[in-house]
Amino acid sequence: MNRILLLTPDVLLKRKVIRTAKEDSALIQTASEPAFAWRLLKEYAFDLVIIDYQLHEESGLSFYKAIRQMGFSLPILMVGEGAFDEFMLKDLSPNHYDYLLKPFSSKELQRKCHELTILNRYSSKLLEIGC
């Protein structure tokens, strides 16, 4: 069972992600603010973090960069509006990262989450055996 952290102030996005996670039997914890998300990251082991690019206090991109600077290597799915483009993503690590543009379907969300968690699982196993 995957454990997912969702960081978004968007109530509609929260509902959609929670509904989709329940269909996949995933555990989901939500945060509306980065400070609370940090507390959850330090307290629990997550398999995936979903970040809304449009946060109130800081951008989702800033939160993403802070996660990487703190040494967290877990997969991240960034969610954003139409203005959310490749230019904004140029500094992001190509590994363990993907994004979705709003609006998106539940199937698309399930597929991206599944791909990221599988990739993370396999890369962790490869590191364990020294490949």
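**Entry 1: S25**

I started in the loop between helix 1 (11-23) and strand 2 (27-31), where S25 sits. I take helices (H or I, at least four residues) and strands (E, at least two) as DSSP runs, numbered from the N terminus. This is a predicted model, in which local features need pLDDT of at least 70 and side-chain atom pairs count only at pLDDT 80 or more, while totals for chains, interfaces and linings use all residues. Residues are numbered from 1 along each chain as its sequence is written, and side-chain values use heavy atoms, with hydrogens and water left out.

I looked up the phi of S25 and found a positive value near 60°, in a residue other than glycine. Most residues other than glycine have a negative phi, and most peptide bonds are trans. S25 has a relative accessible area of 45%, so I noted S25 as partly exposed. The cut-offs are under 20% for buried and over 50% for exposed, with partly exposed in between (1.4 Å probe, protein chains only).

**Entry 2: overall layout and confidence**

I listed four helices and five strands in the protein. From the N terminus on, the order is β-α-β-α-β-α-β-β-α. Of the 131 residues, 41% are buried. I took contact as heavy atoms within 4.5 Å. Among contacts between residues at least 6 apart in sequence, 61% join residues at least 24 apart.

Next I checked pLDDT, the predictor's confidence in each residue, from 0 to 100. The protein averages 85, and 81% of the residues score at least 70. Strand 1 has the highest confidence, at a mean of 97, and helix 4 (residues 106-129) the lowest, at 78. Where pLDDT is low, the predicted coordinates should not be read in detail.

**Entry 3: helix 2 against helix 3**

How do helix 2 and helix 3 pack? I found an angle of about 25° between helix 2 (residues 34-43) and helix 3 (residues 60-69), with their axes 12 Å apart. Helix 2 is therefore roughly parallel to helix 3. Axes are lines fitted to C-alpha atoms, for helices over the stretch in contact, and angles run from 0 to 180 degrees between N-to-C directions. Angles under 35 degrees count as roughly parallel, over 145 as roughly antiparallel, 65 to 115 as roughly perpendicular and the rest as oblique.

Helix 2 brings P34, A37, W38 and L41 to the contact, and helix 3 brings F63, A66 and I67. I then looked at what helix 3 buries: G60, L61, F63, Y64, A66 and I67. These buried residues pack against strand 1 (3-7), helix 2, strand 3 (48-52), strand 4 (76-80) and strand 5 (97-101). After helix 3 comes G71, with a positive phi near 95°.

V49 lies in strand 3. Its relative accessibility is 0%, so V49 counts as buried. Leaving out residues up to four places away in sequence, I found V49 touching L5, L41, I67, L74, P75, I76 and L77. V49 and I67 are 18 residues apart along the chain, and their C-alpha atoms are separated by 10.0 Å.

Y53 is in the loop between strand 3 and helix 3. I noted Y53 as buried, because its relative accessible area is 16%. From Y53 to M78 the C-alpha distance is 6.4 Å, across 25 residues in sequence.

**Entry 4: P103**

Which form does the peptide bond from K102 to P103 take, cis or trans? I found cis, with omega near -5°. P103 sits in the loop between strand 5 and helix 4.
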